[in-house]
Amino acid sequence: MQILLRPRVKICCIQSLEEAELAIRYGASAIGLVSEMPSGPGPIPEDLIARIASRIPPGVDSFLLTSKQDPIAVIEQHRRMRTTAIQLVDSFPLAGYSKLRVGMPGIRIIQVIHVVDTRSFNEAVSAAPHVDALLLDSGNPDGAVKELGGTGRTHNWEVSSKIVSESGKPVYLAGGLKAENVREAISLVQPFAVDVCSGVRTNGRLDEAKLAVFFRSVAA
């Protein structure tokens, strides 16, 4: 019988230091701080991102979510906010990853792959050698207005499972996760971590009751 390891949990779309502290108190190993986006929930001002990131305790990662696709712009943005990781939510030039490594030594690089169809597997495999982890989400980067996360939709977890098996990198699973479906998602995909935003919120605010149930479901 295969034994599944309990995945880590990243709570995204953090809106305040109080939300960050609440997520960490329940066991989050990472929090997501969303900068300016073309659409979707969760963006907060850069000065607030910097303030929250500076207060995150050792052992918990702070992810800066950025839609920028120019390496210099990403590096400059990170220098203003000083998170421990960068989450690239849009496509990124392969040649740009090495520039990020030079400009942000020691900072983890996580590339988001929006699982639209089986082509997403090829995108993941191409990006994997250049990054520290992949994050599989359910956006639509090709829409008239780009959707780069926070959609509340699930995607084809069988594609995600294949990426986990063959990418060779830790994989964060996002996209429409909530207490009611996260156990099934973990069983099928076996990700390194799960990532949740809308599934633990009510009227845009982090809901402690939903947070507690979500963590219980993950632990189960």
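# Cavity, pocket and helix packing

User: How do the residues lining the largest cavity divide by class?
Analyst: The lining of the largest cavity divides into 13 nonpolar, 11 polar and 3 charged residues, where Ala, Val, Leu, Ile, Met, Phe, Trp, Tyr, Cys and Pro are nonpolar, Asp, Glu, Lys and Arg charged, and the others, Gly among them, polar. This is a predicted model, in which local features need pLDDT of at least 70 and side-chain atom pairs pLDDT 80 or more, while totals for chains, interfaces and linings use all residues. Residues are numbered from 1 along each chain as its sequence is written, and side-chain values use heavy atoms, without hydrogens or water.

User: How many cavities does the search find, and what volume has the largest?
Analyst: Searching the whole structure gives 1 cavity of 30 Å³ or more, and the volume of the largest cavity is about 270 Å³. On a 1 Å grid over the protein atoms alone, a cavity is a set of points where a 1.4 Å probe fits but cannot get out, a pocket is an open set with protein on both sides within 12 Å along at least five of seven lines, and lining residues have an atom within 4 Å of a point; volume is the space filled by probe spheres on points joined across faces, edges and corners.

User: Which residues are closest to the centre of that cavity?
Analyst: Of its 27 lining residues, Cys13, Asp137, Gly149, Gly150 and Cys197 are the closest to the centre of the largest cavity.

User: And the largest pocket, what lines it?
Analyst: The largest pocket, with a volume of about 380 Å³, has 20 lining residues, and those nearest its centre are Ser91, Ile113, His114, Glu123 and Pro141. By class, this pocket lining comprises 9 nonpolar, 5 polar and 6 charged residues.

User: Which element gives the most to that lining?
Analyst: Helix 5 does, with 5 residues. At least two lining residues come from each of helix 4 (94-103), strand 5 (108-114) and helix 5 (119-127), with helices (H or I, at least four residues) and strands (E, at least two) taken as DSSP runs numbered from the N terminus.

User: Switching topic, how does helix 3 pack with helix 4?
Analyst: Helix 3 (residues 71-81) packs with helix 4 at an angle of about 30°, their axes being 9 Å apart, and the two are therefore roughly parallel (under 35 degrees; over 145 is roughly antiparallel, 65 to 115 roughly perpendicular, the rest oblique). Pro71, Val74, Ile75 and Arg79 of helix 3 make the contact with Gly96, Lys99, Leu100 and Gly103 of helix 4, contact being heavy atoms within 4.5 Å. These contact residues number 4 nonpolar, 2 polar and 2 charged.

User: What about helix 1 and helix 8?
Analyst: The axes of helix 1 (residues 17-26) and helix 8 (residues 208-219) come within 10 Å and cross at roughly 30° (axes are lines fitted to C-alpha atoms over the stretch in contact, with angles from 0 to 180 degrees between N-to-C directions), which means that helix 1 is roughly parallel to helix 8. Helix 1 contributes Leu22, Ala23, Arg25 and Tyr26, and helix 8 contributes Glu208, Leu211, Ala212 and Phe215; by class the contact has 6 nonpolar, no polar and 2 charged residues.

User: And where do helix 7 and helix 8 touch?
Analyst: Val182, Arg183 and Ile186 of helix 7 meet Phe214, Ser217 and Val218 of helix 8, 4 of the contact residues being nonpolar, 1 polar and 1 charged. The axes of helix 7 (residues 182-189) and helix 8 come within 8 Å, crossing at roughly 35°.

User: Last one, where is Asp207?
Analyst: Asp207 is in the loop between strand 10 (205-206) and helix 8, where it touches Val200, Arg201 and Thr202, leaving out residues up to four places away in sequence.
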